[in-house]
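Me: Please take me through the terms used for this model, and for each one set the value against its definition.

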Amino acid sequence: MGRPRLDRLSAQDEHILALEHGAVVGHWCKVLVVDTPLDVSRLRAVIGARLGAAPRLHQRLEFLPRGLGRPVWVEDPDFDLAWHVAPVEVSAPLDDAALRRLVASRMQERLDRRRPLWRLEVAPLRDARTALLWRVHHCMADGFTAMRIGSTCIWGDVPEAPPPAPPPGGVSDSRGALLGAAALDRCATAAREARALLRDLGAARHWRDGVSQARAVASSARRELRAAPVATWFDSPLGRHRAVAWRVLPLAAVHDAAKHVGPGVTLNDAMVALVASGVGAWLAGRGRAAQPLRVRIPVSLHAAGDAASGNRDSFIDVDVPLDGENVIARLRAINAQTTARKAAHDAEHVDDVLRVLGAMPFGAHLVAMSDGAQHFSLCISNVVGPRQPIAIDGAAVTALHSVVEVAQHHDLRASVISCADRLSLSLCADSDRVDPELVMRGVDSAWETLSRGAGVAVS
């Protein structure tokens with residue numbers, strides 16, 4: 001019969017789940033705005049017809065006793081689609097400011113761990129529009145996975161027939177059977193990792209190849225995992241209140257502005273420069289010294305066509321000068337660093353190092369150290385969203401925003417997502433420490449300077 005198959009939380013996902021404590025709620029929120037009213041019952045039917053294509057949406061986590069390994073994804077026997085797709089009770093349709101306040105309030109509330117870790121709420125907006133607030137725990141999906149699930153289950157055409165249900169995992173519903181399977185899986189996994197290590201060591205063509213690779217990995221680790229003095233503007237115990245701000249920019253204009261600065265300058269470089277400029281302007285307004293800002297840039301390691309769930313990413317860190325107001329010089333400094341990091345394969349090497357550390361005793365604590373305030377001040381992520389216009393049950397999506405939560409000792413978080421010909425930049429902040437709208441005004445000023453200098457149209 002073989003060993004029962006367990007669908008465990010990955011080591012990276014377990015680390016992300018462990019970040020949820022105190023004021024940290026652990027999820028991201030995609031905000032989709034459509035240009036017509038939506039019926040919640042109809043939306044449930046649309047999503048319900050497609051759930052078979054995304055097993056994670058009807059699975060919950062089963063937590064195991066210490067020593068039996070990471071939590072396991074299991075089918076939720078009490079799955080309630082009416083809870084997961086629900087209306088927001090409001091006295092009147094919301095304007096844009098009220099929508100941002102609603103999103104901020106949802107970034108203060110944890111998802112229920114007894115259920116599948118997602119919820120989609122439907123809120124009426126003024127001008128007969130509708131907003132969908134899709135919250136998913138970060139341990140369940142990163143940006144790449146979110147886009148795959150969203151395109152399968154939320155936007156796009158409803159399939160003519162429901163997708164087939166996923167095959168059973170091979171473990172019965174009883175707690176005892178699950179614990180027994182987990183114990184067997186724990187032993188088998190340890191043996192498999194040991195065999196893989198021996199196989200890799202035996203595959204080296206020459207000892208010099210191994211030494212060269214080890215040196216490259218060590219160099220990347222020194223650059224990306226070093227602890228050094230960094231700016232402490234966002235380093236404080238996290239409060240419980242959130243504030244959200246966002247802006248929508250024309251994708252082609254940002255791309256063209258980046259290329260005007262230099263042929264190797266990327267759109268992502270430009271967005272990092274704009275956010276850093278906004279932070280610099282905010283600090284100047286508060287009379288704070290403009291130290292270089294160490295920015296963490298997540299790097300997706302998902303392969304094209306990857307159907308795996310969960311997180312598969314790494315990162316690089318860059319130091320962004322904030323002195324002066326020259327956003328173009330700032331952009332060139334960012335590009336010089338990101339180009340060098342990509343050429344050295346830093347993101348892949350960091351992933352190798354952290355995966356090895358995570359497999360060691362107390363490895364989770366070692367990995368967690370790389371997320372500390374002594375390593376970086378601000379994280380700025382960029383997700384490639386739908387390349388073509390999208391619709392939800394025939395209603396055109398006019399805006400897509402991605403709000404990602406702040407973390408302990410990181411009071412501000414920036415995230416970028418594309419949708420067709422638009423880019424949305426969202427800021428989420430501990431509102432007791434940072435007003436994201438003030439930071440965003442600095443972004444506005446920097447974008448005006450960059451687009452004017454590049455001679456690009458911004459309409």
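Me: What makes the six strands an open sheet with two edges, and which strands stand there?
Reply: In this predicted model, the open sheet has the order β4-β5-β6-β1-β12-β11, with mixed pairing. Strands are DSSP runs (E, at least two residues; helices are H or I, at least four), numbered from the N terminus. The strands β4 (85-87) and β11 (391-392) each have a single partner strand, so one side of each is left without a neighbour in the sheet. Residues are numbered from 1 along each chain as its sequence is written. Local features need pLDDT of at least 70, side-chain atom pairs count only at pLDDT 80 or more, totals for chains, interfaces and linings use all residues, and side-chain values use heavy atoms, with hydrogens and water left out.

Me: How do you know that β11 and β12 pair?
Reply: Two strands pair if DSSP finds at least two bridges between them, and β11 and β12 (residues 395-404) have two bridges, in the antiparallel sense. A391 has A396 in β12 as its bridge partner.

Me: What is said of phi in D127 and in H345?
Reply: Phi of D127 is near 65° and that of H345 is near 60°, each a positive value in a residue other than glycine. Most residues other than glycine have a negative phi.

Me: Why are α8 and α9 called roughly perpendicular?
Reply: Axes are lines fitted to C-alpha atoms, for helices over the stretch in contact (heavy atoms within 4.5 Å), and angles run from 0 to 180 degrees between N-to-C directions. Angles under 35 degrees count as roughly parallel, over 145 as roughly antiparallel, 65 to 115 as roughly perpendicular and the rest as oblique. The axes of α8 (residues 251-261) and α9 (residues 267-285) come within 8 Å and cross at roughly 95°, and the two helices are therefore roughly perpendicular to each other.

Me: What makes α9 and α10 oblique instead?
Reply: Their axes are 9 Å apart and the helices pack at an angle of about 130°, so α9 and α10 are oblique to each other.
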